[in-house]
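Subject: Structure handover

Hello,

Here is the structure to look over. The notes after it say what was found.

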Number of protein chains: 2
Amino acid sequence: MPAGKEGRAVPSSQPDADKGLFDLKRFLPYLLNRAGIRLATAFSAELSRFDLTLPMWRVMAVLWHHGEQRVTDLVIETTIEQSTLSRLLASMDGRGLVARQRNQRDARTVIVRLTPAGRDLTRQLIPLALRNEGTALQGFSPQEIDALHTMLFRIFDNAAELLD
Amino acid sequence: MPAGKEGRAVPSSQPDADKGLFDLKRFLPYLLNRAGIRLATAFSAELSRFDLTLPMWRVMAVLWHHGEQRVTDLVIETTIEQSTLSRLLASMDGRGLVARQRNQRDARTVIVRLTPAGRDLTRQLIPLALRNEGTALQGFSPQEIDALHTMLFRIFDNAAELLD
DNA sequence: GGCAGATAAATGCATTTGCATTCTATTCGG
DNA sequence: CCGAATAGAATGCAAATGCATTTATCTGCC
């Protein structure tokens, strides 16, 4: 390779025509992913001061909101894979954040709920979570926020048909 | 499930007052995350037929769009952690999808680019990616899509200040 | 020039993840 | 009712991940 070519910003091998097929800056999965990861990373850092991980917080937030749930319900609500969640719940149980209990009515299922300690911790975390969200939404009008919520719901619903 | 926990009577759940503090259904990080994960999961399934993972596709998409990049630039563009990306690039290099080359101007850095084979594969994948996006955005007007893009950019920018 | 400090990428290692499978319990068809 | 099929959760295991550190290079200052 000739000297002086290395490190140039744009390679000659990429015709402009190619690029036109696909504009990353207008590609929804990309925009969604990077916004989501950035928010997640920032909040993870805050959670680490409580010795918590983001998936733990997600479980706690869902249990706070919905009350006790079966593991399968939590899989759906948290978007965490089933085996991952099973182990996460075992560790959260070990730390006294949640309690697991076989369901009397259907002993295949396990009911998960926040312990009082878990609830207290969640109560502490909620203001931090809302502050994070507030920063992310700086400069948004209430109408914009509503519209955004609605669109994210629609995307979630639309994307359901992409699964199997 | 550890033995001895079944049937324990745990007083149930959630005073209504608690719930009011925090409405998950209007919590941006939650809505963002679940929409993103669902789209990602769906596209991962398509990619598996090409023996590719989603992070590989992200790298390919960024290189397609931006042309050759340093590893550090790819970290930023793909939101993939540096050590993870370093290993991912090694594996993509081994499979002939990308080429890595020490930068002549600054030998600390490594320039990454799509190989011709990587470019061909990317060209094949783009229509699939756009079809996925199209499904997710079914029923959206062009104005809504524009507004969504803009808001996701703003969130990404706003969230930057959360990362000290 | 030479060294202290900074920057880029790679690597060691423990943890997390996810697919495939297993184990237990329930439901359904005869 | 009984056995096969199904459903829910846990687990084995290999792969992916991320933090902390290392290795290599560069930059600025004297």
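A residue counts as near a molecule or strand if one of its heavy atoms lies within 4 Å of it. The model is predicted, so local features need pLDDT of at least 70 and side-chain atom pairs count only at pLDDT 80 or more, while totals for chains, interfaces and linings use all residues. Residues are numbered from 1 along each chain as its sequence is written, chains are lettered from A and ligands numbered from 1 in the order in which they are written, and side-chain values use heavy atoms, with hydrogens and water left out.

DNA strand C

DNA strand C is surrounded by 19 residues, and the closest are S83(A), R87(A), T72(B), S83(B) and S86(B). Of the atoms of DNA strand C that come within 4 Å of the protein, 65% belong to sugar and phosphate. The surface near DNA strand C is made up of four nonpolar, seven polar and eight charged residues. Here Ala, Val, Leu, Ile, Met, Phe, Trp, Tyr, Cys and Pro count as nonpolar, Asp, Glu, Lys and Arg as charged, and the others, Gly among them, as polar.

Some individual distances follow. A polar backbone atom of A107(A) lies 3.1 Å from a phosphate oxygen of DNA strand C. For R108(A), an N or O atom in the side chain is 3.3 Å from a sugar or linking oxygen of DNA strand C. Helices (H or I, at least four residues) and strands (E, at least two) are DSSP runs, numbered from the N terminus.

The sheet in chain A

Chain A has an open sheet of three strands in the order β1-β3-β2, with antiparallel pairing; two strands pair if DSSP finds at least two bridges between them. The edge strands, β1 (69-70) and β2 (98-102) of chain A, each pair on one side only. Five bridges join β2(A) to β3 (residues 110-114) of chain A, and Q101(A) stands opposite I111(A) in β3(A).

The two chains

In contact (heavy atoms within 4.5 Å) are 82 residues of chain A and 83 residues of chain B. Chain A and chain B bury about 8,500 Å² between them, 63% of it on carbon and sulfur atoms. Buried area is the accessible area (1.4 Å probe) that two parts lose on being put together, summed over both.

Regards

How values were computed: A polar contact is a pair of N or O atoms within 3.5 Å; within protein, one must be able to donate a hydrogen and the other to accept it, and residues adjacent in sequence count only if both atoms are side-chain atoms.
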